[in-house]
Structures are given as structure tokens and as C-alpha cells.
Amino acid sequence: MTAECIPIQPVASEARKASFPLDQWYMAGFSTDLTDKPVGRTFLNQRVVMFRTADGQVAALEDRCCHRSLPLSCGTVEAQGVRCGYHGMLYAPTGQCLEIPGQERIPAKARVRAYHMAEKNHILWIWMPREAGGAPSREAPAYPWHDDPRYTFGTGAYHYKAPWQLIHDNLLDLSHLGYVHLQTIGGDARLHMNAGMKVTQEGDTVKVVRQMPGSRPPPTYKAAWPFGETCDRWQEIEFDLSHLRIWTGAIEPGTDSIDDPQRGGFHMRGLHGITPETEETCHYFWSMSSTRHPDKPDNSAAVIQQTAFTFDEDRVVIEEQYRNMKAFGGKPEWIDIHVDAGGNRARRVVQRLMAETA
Ligand code: FES
Ligand SMILES: [Fe+2]
């Protein structure tokens, strides 16, 4: 058996599934996660095993053998599928049992539920359907920056002891940089809190844009790019249910226009795939793609290291926030301030999508 086979969450009941929007793509991890071992993860209260077959296909099944319910993530990956680690039944990516060792006849009912997956731009996506086995109604999201030669990227993942929407709130409000991230991407707190912010929405995509001309370059920017005393910073955040894209960066004052999408300077493009595990926990898959300065061609290692440090800081805050929410009864009366506009819009999108698939 593999170490990953220990279940960490209770088995879900059907009734709990309506807590999240369904008929949606969610991020399931990165391509590099699937090697020669099955990977068991819980998404939206549903325990899933993922694996890659010999022809490179990625697959996801419910993490339960139909014989005696051992998690298939306790088994082994073979060329054609995943083999149960108890009595050796072999399952294809369709969920159909292909082999029962020592028995010729394979009953028609010897199958488990399969999920649709997609692998695109080094990202694994899983379609979480409303009806068991339901097929995707649209393509998985594209994330071209992972394949753009101007960028170098690194990845990371967290298991969070907090509900997924607290992370949406955090990512859509970058005013906290001046308080939480002073050692990396922070800077002057007052400048962050007073930066002009534009919140717009197109369909189910919420966009928050902030600009901070004349900023003092924060430590991560200085490590990656030879900025002088000041720089003109931008932050463009796009929320979609499946993931957030955060494009931040800075130019040297007097060079390009901060409004020009073709502007030069130092660019960081963050991918944030926040996928609920349960109502109280979630997966946080991230990557950071950044540009390289000719004088600092190896800057990406420092950027990734400092990004991980930054996200560690967020995690401490968010998990502590949730612990305290529970200590004070779970559903506190919150007041809103100006920084909450983006997060509140995202909450309304999630609420509506959830109602549509309840
Ligand atoms: S429990 Fe899987 S083959 Fe018996
Ligand atoms: Fe943060």
C-alpha cells in the first residue's frame, strides 16, 4: 500500500454535495502530481482517485473498490488502469473492471463511478457533475502563461483548514499586502489601503484592478528586477469559480504606461486554484510565472521562494480567522469596508451558481 491511501476526510453523503456549485471544472492539481502512484484526493466531499495510464491518459474514479470498498488510492497504477490493493481487481479509466484475478467472469456491475478530467497547460482539471458520470458542457480553462517562453513558473499546493471562500476574499482584496506581507510583496500599508480600485464584472468573471504609481519596490520585486527608488505597480485580479488569475508587476517610472497590457517591466502571474475539499477545508493549488531581467536571468527561484513565503503568511491569517469564526459561533455578523467589493461580488457569483445546480 502507498502512504497516500490513508483517508483524511469522512466519506461523503449524497446530501452534502449541494454545498458547492456543480457542473463546473475545478482544479485537481498539476500534471507533475501523477507519476507511478494513484493519488487520492477529496473534492467537494467526493473521494476520488486519480492516475495516469501507460498511454498518458489522466483518469479519475471514485476512490472505492466495488468489491469490499478499499480505497483504490491504496492500490497500484498499471498500464491499463488502477489495481485494487486488496484482492487485485483492475479498473480502466472508464471505471469498468477489466480483471478479477482467479475469476473469468466479470459481472456487469463490477464498475465504479468515473469523472471526466482534462490536462491542459500543465494543469489537471476535474469536472464535478450534477448527475453522476455527467459530461462537461464546456472546455476546461486555458492557462497559456505556463507555456509562454517569456515566463518561468514554479508550483505549490496547500491543504487548508478553512473554507474555500475565505481564500477568495483574501485574493480579491490586495489591500492586506501592506499588513500581512511586509517582508515580500508588501510595501507601504497606507499606499495599499488608499490605492484606487476598480471592480468590474463580465458574466461570472469578477475583475479587480488597482494601480499604485510611485511605490517603493517591495523586497520580492527588488530581488527579481533592478528597480530604483520607486516603481509604478499594478495589480489585476480575475476571479472565476475554478481559479483566480492575479497579474501583478511594476515598471520603472517614465518608461511604459501602466495601463498598457503590453507594458514591459517585471511581471508576476499567479494562478490560484481553490477547490473545496469539504465545507471546512480546501485544496489550494498555486503557480507563479514571472519574467526575467537580462541582468538577473536566474531570478525565478527567488520569486518562487518568496511567493511560497508570502502564501504561508496568508495561510496563518486565514486559518486563524476561521478558527476564531468558529470560536465565536460560526456565523458572525460582519461589517463591510471598501476593500471587500471584489470579494463580495465573487460570493454572489458562487451563491448563484450553487443555487442553479442545487
Ligand atoms: S476490496 Fe478491492 S478487490 Fe477486494
Ligand atoms: Fe496575501
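What does the protein average in pLDDT, and what share of the residues score at least 70? I looked this up before anything else, and found that the protein averages a pLDDT (the predictor's confidence in each residue, from 0 to 100) of 91, with 93% of the residues scoring at least 70. Over residues 7–17 I read a pLDDT below 50, and I noted that this stretch has 14 contacts in the model beyond near neighbours in sequence, two residues being in contact if their C-beta atoms, placed from the backbone, lie within 7 Å. Where pLDDT is low, the predicted coordinates should not be read in detail.

I keep in mind that this is a predicted model, in which local features need pLDDT of at least 70 and side-chain atom pairs count only at pLDDT 80 or more, while totals for chains, interfaces and linings use all residues. Residues are numbered from 1 along each chain as its sequence is written, and chains are lettered from A and ligands numbered from 1 in the order in which they are written.

Next I turned to the domains, whose bounds come from an automatic or database domain assignment: domain 1 covers 3–128 and domain 2 covers 144–356. Their C-alpha centres lie 32 Å apart, and the contact takes 17 residues from domain 1 and 19 residues from domain 2. On the side of domain 1 that touches domain 2, I found that β1 (24–30) and β2 (39–43) each supply at least two residues, strands being DSSP runs of E with at least two residues, numbered from the N terminus. The largest share of that side, 6 residues, comes from β1.

Note on methods
Helix = DSSP H or I, 4+ residues; strand = E, 2+ residues; numbered from the N terminus.
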